[in-house]
Amino acid sequence: MLKKYKAIFFDWDGTAVMSRRAPVDQAVAAMRPLLQKGIKLIIVSGTTIENIAGGKIESYFAEEELKNLYLGLGRGAYNYSFKDGIPYIFKNMVPDKGEILKIHQVCFEIHQTLKEKYDFDTDIVFSRPNYCKIDLMVENQRGDNLFMQEDELGCLRETLKEHGMEDGLSGLIHLAKQTGKKYGIDVAPTCDAKYLEVGVTSKSDNVNVILEKICTENNIKPEECTYWGDEYVGIEKDIFGSDSFMKTEKSQNGDFYDVSEVTGERPSGVQKIGGGVDRFLCFLHEQE
């Protein structure tokens, strides 16, 4: 039994639900009693609101319950609370058009470099509001399971070696940062094996913005918060998954848990407990 918390930050896909198209009834049932008690629940996800409970998360809860629900979405871009039962963005961190175009240029140059130097094929998703997704495993389709799979890391490492990239993912991260500097921007690249995501904000920005808000408005201390995800695991030395960005200078005194079964190193202070979605929902019920 874990201690009781006043605020629970958690990833959505792979932590609260199996996929963004999966039924949300069990997650909602686990969340509702906590919202009714005044416990703050904060969904932190790289996706946008349209992919959280079909874009209708507010329809599952009463107006009073929604006062305790927050959404940190889009890799730092959008931070939501609810007013009169309707989600609204209280902090928007979307880059202006000039900066997002620079991010597009950075990613296209990465794509060109990988092709020219290593004959390594990638695809790019340009439609995100504040970052691009570079698909490093174009033949590997995840389907509805959008989170990292057990065998993906090994497959990608082997593929990179076959194409002469001896520095592996750390080399890709370095390439992204150096290319960003050429265009005058500091990018914050992340990687979950299949995708190299390149933008100027991350889940760290979501966590910092919402943590400051709930601590200031509700007298919550950082050590009374906990952070749950399924993508903490190290991709390579000192390079961790996207959920590791929930651990910041402001949040570091909280408790961090990983429900993934994937083997590998986690950031210091993150406890691997496994169990996937079922384990996280069980934790929510234990908090009632």
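Predicted model: local features only at pLDDT ≥ 70, side-chain atom pairs only at ≥ 80, totals over all residues.
View 1. Residues are numbered from 1 along each chain as its sequence is written, and side-chain values use heavy atoms, with hydrogens and water left out. Glu212 is also partly exposed, at 46% relative accessibility. Glu212 forms a salt bridge with Lys250, the closest N and O atoms being 3.5 Å apart; a salt bridge here is a side-chain nitrogen of Lys or Arg within 4 Å of a carboxyl oxygen of Asp or Glu. Glu212 lies in helix H6 (residues 203-218) and Lys250 in the loop between E12 and strand E13 (255-258), so the pair ties together parts that are 38 residues apart in sequence. Helices (H or I, at least four residues) and strands (E, at least two) are DSSP runs, numbered from the N terminus.

**View 2. The salt bridge of Lys194 and Asp135.** The side chains of Lys194 and Asp135 meet at 3.0 Å, N to O. Lys194 is in the loop between strand E8 (190-191) and E9, and Asp135 is in strand E7 (residues 131-135), so this pair links distant parts of the chain, 59 residues apart. Lys194 counts as buried at 1% relative accessibility, and Asp135 counts as buried at 8%. A search of the whole structure finds 15 salt bridges.

**View 3. The two domains and the contact between them.** The domain assignment, which is automatic or from a database, gives domain 1 (7-93 + 202-287) and domain 2 (97-199). Their centres, taken over C-alpha atoms, are separated by 25 Å. Domain 1 puts 24 residues into the contact and domain 2 puts in 25 residues, where contact means heavy atoms within 4.5 Å. The two domains bury about 2,000 Å² between them, 58% of it on carbon and sulfur atoms; buried area is the accessible area (1.4 Å probe) that two parts lose on being put together, summed over both. In domain 1, Arg75, Ile235 and Glu236 lose the most area to domain 2, together 34% of what that side buries.

View 4. The rule finds one salt bridge across the interface of domain 1 and domain 2. Glu197 lies in strand E9 (residues 195-199) and Arg75 in the loop between E3 and E4, so the pair ties together parts that are 122 residues apart in sequence. Both residues, Glu197 and Arg75, are buried.

**View 5. The largest nonpolar core and Trp12.** A nonpolar core is a set of buried Ala, Val, Leu, Ile, Met, Phe, Trp, Tyr and Cys residues joined through side-chain atoms within 4.5 Å. The largest one has 37 residues, and those with the most contacts inside it are Ile8, Phe10, Trp12, Leu69 and Phe280. Helix H1 (25-37) and helix H7 (276-286) are among the elements that give two or more residues to this core. H1 provides the largest share, six residues. Not counting residues up to four places away in sequence, Trp12 touches several residues, including Val17, Met31, Ile43 and Ile57. A second, separate core of 29 residues includes Leu114, Ile124, Leu169 and Leu196.

Key: Buried < 20%, exposed > 50% of the residue type's maximum accessible area, 1.4 Å probe, protein only.
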